[in-house]
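Trainee: I have a structure open and would like to learn how to read it. Could you take me through some features, step by step?

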Amino acid sequence: MKRATWLVPTLYILFLMLPIYWLVNMSFKTTNEILGSFTLFPNDFTFENYMVIFTDQSWYMGYFNSMLYVSMNTVISVAAALPAAYAFSRYRFLGDKHLFFWLLTNRMAPPAVFALPFFQFYSAVGLFDTHIAVALAHCLFNIPLAVWILEGFMSGVPKELDETAYVDGYSFPKFFFKIFLPTIKSGIGVTAFFCFMFSWVELLLAKNLTAVDAKPIAATMTRTASTAGYELGLLAAAGVLTIIPGAIVIYFVRNYIAKGFALGRV
Amino acid sequence: MATKSDNNRAWLFVIPVIVLVAFNAVVPLMTVVNYSVQETFGDNVFFWHGLGWFEDVLRSERAHAALARQLMFTFTILIIEIPLGVVIALTMPRKGVWVSVCLVLMALPLLIPWNVVGAMWNIFALPDIGLLGRLINSMGIDYNFTQQPLAAWFTMILMDVWHWTSLVALLAYAGLISIPDAYYQAAKIDGAKGWAVFRYIQLPKMKRVLTIAVLLRFMDSFMIYTEPSVLTGGGPGNSTTLLSIDLVKIALGQFDLGPAAAMSLIYFLITLLFSWIFYTVMTKDEGQ
């Protein structure tokens, strides 16, 4: 039994890789090969699907749109969450626990509940189909997440650090930006990663709040399935390209992923 | 944990967060509340409808069926993902280069946009061009998830296991590596073997992370929408129409605002209850 322990993670990872392999495999095939024959490797190896995406504006703009609103959301979420998380980790104030709980309920709220009112609300204020609309809408779950994760990291910093700085004559802003933020920079990095990630994977709201100008890439994908016939190769290539950003950054945060998912509480 | 001092001026720090979240949460939620007690015949003319929609939803067989499917789905994936995640965490390497390899590869599904997950599983499981579909059919089992409710359920659950088991495994692993070596040495001296070590050392140490894992998986699977809606679209028939899918069908498909709003609020109250449990567990042993 002892010797066979490597088998379980290996089989599991194999299981994880199979659908991804199939997607990659398909992205290098021509539509004819996909529909006409069943092959484990592309016979007619082609980059054509990727070329279409990189040359057709409606495709590559999808990436640009996604990246833009995801980045905006990450910046807004982290910037707003930093002072709030500091307040929660250092002070008791009127209604702090209720507030903390209220934030959590927004992380847990089903986006489907908000889909229609969001659409009407953002249309009413004239923000429909803009990047900032999606970025703001994603704040609904990303700000609570950011506050919780940052609070977890900040609570790990001893309060003596603050007190020493004040004794040394630092003003609060100077202490906060010069000493405190550098101390928790790994926490900020992890939080930014999680905001990025949840904004990147969420699509129900992103799709409902956009039409043309700010349409995310993954929503563009659904179009191929309906209008342009069934261009599976193209769909697969677009899918592969959406996996890449996550795959690149994941290496840097691998040891913090559990902490992030547990909202900074492991 | 540092002791906190009283300071009501800390409210100033929280204002940006409150404004941003309230902008998103309170206004739309009030819209939902508004719709849930009114009837409309179009043209933006609304009539007071009292609690009628709530009664309708609570009595409607359609909502009951969607809730039943939702609970069935949530409990099935919990029963599979939690033990599987624990087993994977227990068998993962603790040292060396393989740790990073395992962590990175396992986390990969978590970062794929949710409708790409659905689309990927769709083409993976199609009986004619998908690897999985071909494989199952070549074993002599008639499998076509676009036509058979049972096959659709099987695919949907397999997809969720694929997507989220890593979350359980990563959390359990984080709990496991926090156990000091001294515990294992003490167990060795006492002559404790496999199961006893797991039952009396590892499991108690993992209790907190596992509670978090169960609650997170419960809540996230309870509000799942994108993946199954791309994979099966709720079909064949209504066989995989979970709560969120049904809600979106009613609200955006049929534009029945009143019933959809009432259903949203009931849905929201259920999640609120579980959020409270989650909150209690999370903050329990932090004192203050």
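This is a predicted model: local features need pLDDT of at least 70, side-chain atom pairs count only at pLDDT 80 or more; totals for chains, interfaces and linings use all residues.

Trainee: How many helices and strands does chain A have?

Mentor: Chain A has 14 helices and one strand. Its C-alpha atoms fill a box of roughly 75 × 65 × 30 Å along the principal axes. Of its 266 residues, 49% count as buried.

Trainee: And what is the secondary structure of chain B?

Mentor: Chain B comes to twelve helices and three strands. The box for its C-alpha atoms is roughly 75 × 70 × 30 Å, and 42% of its 288 residues are buried.

Trainee: Which domains does the assignment give for chain B?

Mentor: Domain 1 of chain B is made of two stretches, 22-59 and 257-274, while domain 2 covers 61-255. Their C-alpha centres lie 32 Å apart. Nine residues from domain 1 of chain B and eleven residues from domain 2 of chain B take part in the contact. On the domain 1 side, helix α12 (residues 257-284) of chain B gives the largest share, eight residues. That side divides into seven nonpolar, two polar and no charged residues.

Trainee: Now a single helix. How should I think about one?

Mentor: An α-helix has 3.6 residues a turn, so residues three or four places apart point the same way. Now look at helix α5 (residues 114-125) of chain B.

Trainee: How many residues of α5(B) are buried?

Mentor: Twelve of its twelve residues are buried. Among them are B:W114, B:G118, B:W121 and B:F124.

Trainee: What about backbone angles?

Mentor: Most residues other than glycine have a negative phi, and most peptide bonds are trans. For A:D129, phi is near 65°, a positive value in a residue other than glycine.

Trainee: Where is A:D129 found, and why does A:D129 count as partly exposed?

Mentor: A:D129 sits in the loop between α6 (111-124) and α7 (131-155) of chain A. A:D129 counts as partly exposed because it has 15 C-beta neighbours inside 10 Å.

Trainee: Last topic: how do the two chains meet?

Mentor: The size of an interface is often given as the accessible area lost when the parts come together. Here we can count residues instead: the contact takes 77 residues from chain B and 82 residues from chain A. Helix α1 (residues 11-36) of chain B gives the most to the chain B side, with 13 residues. By class, that side of chain B has 61 nonpolar, 13 polar and three charged residues.

Trainee: Which strands of the two chains are joined by bridges?

Mentor: Strand β1 (residues 91-92) of chain A and strand β1 (residues 5-6) of chain B run parallel and are joined by two bridges. Within this pair, A:R92 stands opposite B:D6.

Definitions and conventions:
Residues are numbered from 1 along each chain as its sequence is written. Chains are lettered from A and ligands numbered from 1 in the order in which they are written. Helices (H or I, at least four residues) and strands (E, at least two) are DSSP runs, numbered from the N terminus. A residue is buried if 20 or more other C-beta atoms lie within 10 Å of its own, exposed if 12 or fewer, and partly exposed in between; C-beta atoms are placed from the backbone. Domain bounds come from an automatic or database domain assignment. Two residues are in contact if their C-beta atoms, placed from the backbone, lie within 7 Å. Ala, Val, Leu, Ile, Met, Phe, Trp, Tyr, Cys and Pro count as nonpolar, Asp, Glu, Lys and Arg as charged, and the others, Gly among them, as polar. Two strands pair if DSSP finds at least two bridges between them.
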